[in-house]
Amino acid sequence: MNKSLYDIGDELRDISARLDELDPNDAESENLLHEWMTRLSHEESDKVDRYVYLIKETEDRAVSAEARRREFQAKEDAAKNLVRRLKQALHDHMGATGRASLVGNDFRVTKQKNGGRPGVDVLSPSLIPEEFTKVTVSPDIDAISSALEAGRLIPGVELRPVGSHIRIR
């Protein structure tokens with residue numbers, strides 16, 4: 001029977017409870033429980049190993065997928081950069097020849113102004129009047145955490161417990 005880790009854990013807890021109730025003079029019951037405990041321990045060990053093999057295999061697939069993603073991202077970036085350079089070459093040619101359009105055998109290329117507002121270059125931020133600035137307020141998480149750890153009560157926040165994870169060796 002293929003048991004889950006939960007099933008094995010439940011059975012191990014059940015055995016532990018039965019061992020507490022066992023009559024120390026009943027050798028047959030003690031031997032049966034010991035054999036059951038040994039079998040479940042082996043099942044648990046096998047199950048843990050299968051979990052870890054699956055984890056490692058999945059981690060390897062993730063690493064491979066990440067490498068392929070980076071490879072495809074590099075190809076996408078290269079293609080977009082080529083398109084940008086080719087368009088810039090046409091734009092530069094039109095500017096150099098003073099033309100607003102070019103006509104090919106299959107396509108017509110026209111030079112158009114970009115839409116939207118004109119861009120703004122900030123040359124000296126300290127000279128900008130206050131009415132043209134934004135102030136952003138955000139919580140200082142490090143200061144809040146230190147204060148909470150020191151026992152201070154701060155309205156609107158609470159200290160979250162540190163989580164845990166598994167380490168495979």
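## Before we start

A residue is called buried when its relative accessible area is under 20%, exposed when that area is over 50%, and partly exposed in between (1.4 Å probe, protein chains only). By that scale Glu 66 is partly exposed, at 30%.

The model is predicted, so local features need pLDDT of at least 70 and side-chain atom pairs count only at pLDDT 80 or more, while totals for chains, interfaces and linings use all residues. Residues are numbered from 1 along each chain as its sequence is written, and side-chain values use heavy atoms, with hydrogens and water left out.

## The helix α2

Helices (H or I, at least four residues) and strands (E, at least two) are DSSP runs, numbered from the N terminus. Helix α2 covers residues 27–97, which makes 71 residues. From its first C-alpha to its last it reaches 104 Å, close to the 105 Å expected at 1.5 Å a residue; that expected span is 1.5 Å times one less than the number of residues.

Leu 33, Leu 40, Lys 47 and Met 94 are buried in α2. After the helix comes Gly 98, which has a positive phi, near 70°.

A salt bridge here is a side-chain nitrogen of Lys or Arg within 4 Å of a carboxyl oxygen of Asp or Glu. The count by this rule is 5.

An α-helix has 3.6 residues a turn, so residues three or four places apart point the same way. Both arginines are partly exposed, Arg 69 at 42% and Arg 70 at 47%.

Lys 80 is exposed, at 51%, whereas Glu 76 is partly exposed, at 35%.

## A nonpolar patch

Val 120, Val 122, Ile 128 and Phe 132 make a nonpolar surface patch of about 420 Å². Patch residues have over 30% relative accessible area and no salt bridge, with like charges joined within 9 Å and nonpolar side chains (Val, Leu, Ile, Met, Phe, Trp, Tyr) within 5 Å. Accessible areas come from the Shrake-Rupley method with a 1.4 Å probe, and for residues only the protein chains shown count as cover.

Val 122 lies in the loop between β2 (108–110) and α3 (141–149) and is exposed, at 52%.
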